[in-house]
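Student: I'm new to this one and would like a close look at a single part of it. Could you pick a spot and walk me through it, starting with the overall picture?

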Amino acid sequence: MEATVSDERPSPEGPATFREVFAQREYRAIFAASTLSWIGDYLARAAVTLLIYQETQSVALSAAAFAASYLPWLVGGPLLATIAERHPYRQVMVVCDVVRAALMVAIAIPGMPVEVILLLLFATTLANPPSQAAKSALIPLVLTGDRLVVGLSLNASMGQAAQVVGYLLGAGLATVSPTAALLVNATTFLSSAVLVRLGVDDHPPAMTSAHRSHLLRETAAGFRLVFGNPVLRSIAVLVFSAMLFSIVPEGLAAAWANERADGGLDAGAAQAVIMAAGPVGFILGGLVISRAFAPARRLALIRPLAVLAPLMLVPSLLDPPPVVVAVLAAACGFAVAGLMPVANGLFVQALPNGFRARAFGVMATGVQVIQGMAVLVTGLLAERFPIPAVVGVWSAAGVVLMSVVALRWPSGSTIDAAVTAARQAGGVGVPPGPVAAPRAPRRGTANLPAPGGPASRADVTSP
């Protein structure tokens, strides 16, 4: 197990290329397997939701089936993610995929009672936190330096694309045969397991038996590390704050489209355009910014992009038509995608060896909770006030919040010190002590460490 972090700095030669990233055999296998798993996840959500509605004609039960896919993160995401630290990452990913495939086959059995379907669906989604944590912990083992940032950007963009493809395939195929859709989903999980088993090396677990304590104590140590370390806490606040407003257009799209459908679009088309805009903008932002800007420039863009993202949604106050709303949502997604991979890279580099999967569980759970809260609160506000006013004022508050986050963003010397502390933390049983005194900063943005390094372990915003 690597115990050090690369000391690479932003290269003046420019960013890593897609070819360099895909030249890594293990990354190719992880990327392909993740794509299949993501498509399968979203396909299953669409198929099971429709299946239960067809069986019961109940909107509430259909919505419960959709919500069940998020419950594991809410009730035990960090705890389940901690399991990935205890076992080889490849083994965790393969076992989770095989279990999910078997449960999907069981759900597809004709005549299965609705209660059993919901129970099996919940059991299926219990495999998501350890599987995604293991994947996120594995990527920085095979990609270092700027390749890690580009790889994270590719993964985030593909996750958004998989969401669109999975929902479309799931809805279309389930309309013809929900059983067939679920069997296709099972096939995606089995294919993912084969790709990981054959394409990924058997890396040892991050936590050996000598470092194990109680699972709850290990999970709590992950929380203490993320929120007790000033640099990790700053990155967590940045990520959580971005989620507070970027999800709102997607969450309110149905009501917004029905209230403002015009310009040649019916309500259904307007909803689809608004919902798809954010993911499309995210895909474009991740690909364009990772390729158009050198590593040092991407680091410098974190602060302005953080403020720009909510600012893009403030014109919603003018009650624009759905197409313009979609453009605003896409611009917001573009800005968020530009800052996330760099923030991810800094996050994983400042984590000590043995905490990557646990930190992923903390962050992923926070993202899920905050997104749900943002949609719930803005939805309640939209019951009393016009949706454009709610989104515009909410986003204006986001500009203020992100301005504060940007002003309080840690200096390069502080980040240097956090990376050094993580590099020197040899044990994995307890979080490292307080960050050492910062070293003297260097000129320009080169005083920030390049995201990545051999000891990096987590993609804190993976779907």
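Student: To begin with, what percentage of the contacts in the protein with a separation of 6 or more comes from residues 24 or more positions apart? After that, please take me to Ala 186 in helix 9.

Tutor: Happy to. Keep in mind that this is a predicted model. Residues 24 or more positions apart make up 87% of the contacts with a separation of 6 or more. The protein has 20 helices and zero strands, and of its 463 residues, 54% count as buried.

Now to your spot. Ala 186 sits in helix 9, which covers residues 178-199. Is Ala 186 buried or exposed? Its relative accessibility is 5%, so Ala 186 counts as buried, the cut-off being under 20%. What does Ala 186 touch, once its neighbours within four places in sequence are left aside? Ala 186 is in contact with Ala 101, Met 104 and Val 105. Look at Ala 102 as well: 84 residues separate Ala 102 from Ala 186 in sequence, yet their C-alpha atoms are 7.0 Å apart in space.

For a contrast, find Leu 284 in helix 14. Leu 284 has 46% relative accessibility, so it counts as partly exposed. Together with Val 280, Val 288 and Phe 334, Leu 284 makes a nonpolar surface patch of about 300 Å². Helix 14, residues 267-292, gives the most to that patch, with three residues.

Back to the inside. In soluble globular proteins, nonpolar side chains tend to be buried together. Here, the largest nonpolar core has 48 residues, and Ile 235, Leu 238 and Phe 347 have the most contacts inside it. Helix 17, residues 322-349, brings the largest share of this core, eleven residues. There's also a second, separate core of 33 residues, with Tyr 27, Ala 84, Leu 138 and Leu 152 among them.

How far can you trust the picture? The mean pLDDT is 75, and 76% of the residues reach 70 or more. Among the elements, helix 19 (residues 387-407) has the highest mean pLDDT, 92, while helix 3 (residues 59-68) has the lowest, 59. Over residues 1-13 the pLDDT is below 50, though the model gives this stretch 43 contacts beyond near neighbours in sequence. Residues 426-463 also stay under 50, with 141 contacts beyond four places in sequence. Where pLDDT is low, the predicted coordinates should not be read in detail.

Note on methods: Residues are numbered from 1 along each chain as its sequence is written. This is a predicted model: local features need pLDDT of at least 70, side-chain atom pairs count only at pLDDT 80 or more; totals for chains, interfaces and linings use all residues. Side-chain values use heavy atoms; hydrogens and water are left out. Helices (H or I, at least four residues) and strands (E, at least two) are DSSP runs, numbered from the N terminus. Buried means under 20% relative accessible area, exposed over 50%, partly exposed in between (1.4 Å probe, protein chains only). Contact means heavy atoms within 4.5 Å. Patches are made of residues with over 30% relative accessible area and no salt bridge: like charges are joined within 9 Å, nonpolar side chains (Val, Leu, Ile, Met, Phe, Trp, Tyr) within 5 Å. Accessible areas come from the Shrake-Rupley method with a 1.4 Å probe; for residues, only the protein chains shown count as cover. A salt bridge is a side-chain nitrogen of Lys or Arg within 4 Å of a carboxyl oxygen of Asp or Glu. A nonpolar core is a set of buried Ala, Val, Leu, Ile, Met, Phe, Trp, Tyr and Cys residues joined through side-chain atoms within 4.5 Å. pLDDT is the predictor's confidence in each residue, from 0 to 100.
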